[in-house]
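Subject: Structure for your review

Dear colleague,

My notes on it follow directly after.

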Amino acid sequence: MRTSAVRATLAAALLLAAAPPLLAQAPAPDRRPTLFVVDFRVSAIGRQADFAPLSQGIADLLVSELSTNPAVRVVDRENLRRILDEQDLGTSNRIDDATAVRVGKILGAHHFIKGSVFIDPKGKLRLDAHTVSTETSAIEHVESVTGKDDDVMDLIAQLSEKLNKGLNLPDLPAPAARTGSAAEPSAAPAATKAAPTSNVAVNDGKAAAPAPTRAAPAKSSGSTASRSGGAQKANFQAVMLYSRALAEEDKGNRSAAVELYRKSLDVFPDYDNAKARLAKLEKSGS
């Protein structure tokens, strides 16, 4: 009897060893809504050409702020510019709604944000932003903030907070099950297959599960300071130089962009956004 038991145990062990390993359960697809920000339209009475680079600057800084919301995924500027270049859509500073819809389908993003910057001769600044559906081209949400131009970083933070609280974007639809077979939990929704998750920048770089509510967590007054540096924030001159550097970078003028990023840091040495972009350009040119 004892010999039979030993043989049975050995046979069971051999069967287990020969069996294929259990497949690890595939992670659920990231169904958070994805959005991107297009360059803003600038209106400046008497100084339109001087302030035109704010088109890129405000959009870029808004991306930084929106990326702190874990309930959404935000396409970073580099990936957006890459798509525009690949599709030969980046010939102008701003893309129109039809082009944005086309880009959204390529990126797998169902929403985009467009906006405008208005500056009057007395230094008053107004930022308007509209969230638009890439599927219907309908405006989904509108926000606006107004203040002094030197408070531009605070205004961008305020605009982001308003947008995050008011977006109320739905999750992406769950992938449909194939006829006659079980659903594939790892399959991406059809609209997002053109753009892998790596094309989307999130604040922590992880594909976390969507929060139960679309509203962003309450922000502290120092949220922007973490990117503009310390308790003080970059003033309008530093942001203007940063915006001009972005504009030159978009044109492929690396040396001009490097010089302007450095000037921005001369004005505001703790400007984290400028530090990061300058370091990236210097590394690519070394």
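Arg-277 and Glu-249 form a salt bridge in this predicted model, and their closest N and O atoms are 3.9 Å apart. The pair links distant parts of the chain, since Arg-277 belongs to helix α10 (residues 272-285) and Glu-249 to helix α8, 28 residues apart. The relative accessible area of Arg-277 is 11%, under the 20% limit, so this residue counts as buried. Glu-249, with a relative accessible area of 24%, is partly exposed. Both residues also belong to a network in which salt bridges that share partners join Asp-60, Glu-78, Glu-249, Arg-277 and Lys-280.

Leaving aside residues up to four places away in sequence, Glu-248 touches Asn-253, Ala-256, Ala-257 and Leu-260.

Side chains of opposite charge can pair when their charged atoms come close.

The side chains of Arg-77 and Asp-39 meet in a salt bridge with an N to O distance of 3.7 Å. Arg-77 lies in helix α4 (residues 77-86), whereas Asp-39 sits in the loop between β1 (34-37) and β2 (41-44), so this pair ties together parts that are 38 residues apart in sequence. Arg-77 is buried, at a relative accessible area of 9%. Asp-39 is buried as well, its relative accessible area being 7%.

Lys-165 forms a salt bridge with Glu-161, and the closest N and O atoms of this pair are 3.5 Å apart. Because Lys-165 and Glu-161 are four residues apart in helix α6, about one helical turn separates them. Lys-165 has a relative accessibility of 54% and counts as exposed, while Glu-161 is partly exposed at a relative accessible area of 26%.

Helix α6 also takes part in a helix pair. Two packed helices are described by the angle between their axes and the distance between the axes. For helix α3 (residues 54-66) and helix α6 (residues 152-166), the axes come within 9 Å and cross at roughly 55°. That angle falls in neither the roughly parallel range (under 35 degrees) nor the roughly perpendicular one (65 to 115), so α3 is oblique to α6. The crossing of α3 past α6 is right-handed.

Which residues in α3 and α6 meet? On the α3 side they are Ile-58, Leu-61, Leu-62, Glu-65 and Leu-66. On the α6 side they are Val-152, Met-153, Ile-156, Ala-157, Leu-159, Ser-160, Leu-163 and Asn-164. By class, this contact of α3 with α6 has 10 nonpolar, two polar and one charged residues.

Finally, some totals for the chain. The protein chain has 10 helices and six strands. Of its 286 residues, 44% are buried. Among contacts between residues at least 6 apart in sequence, 66% join residues at least 24 apart.

Yours sincerely

Methods:
Residues numbered from 1 in each chain as written. Predicted model: local features only at pLDDT ≥ 70, side-chain atom pairs only at ≥ 80, totals over all residues. Heavy atoms only, no water. Axes fitted to C-alpha atoms, helices over the stretch in contact; angles between N-to-C directions. Helix = DSSP H or I, 4+ residues; strand = E, 2+ residues; numbered from the N terminus. Parallel < 35°, antiparallel > 145°, perpendicular 65-115°, else oblique. Left-handed = near helix turned anticlockwise from the far one by under 90°. Contact = heavy atoms within 4.5 Å. Nonpolar A, V, L, I, M, F, W, Y, C, P; charged D, E, K, R; others polar. Salt bridge = Lys/Arg side-chain N within 4 Å of Asp/Glu carboxyl O. Buried < 20%, exposed > 50% of the residue type's maximum accessible area, 1.4 Å probe, protein only.
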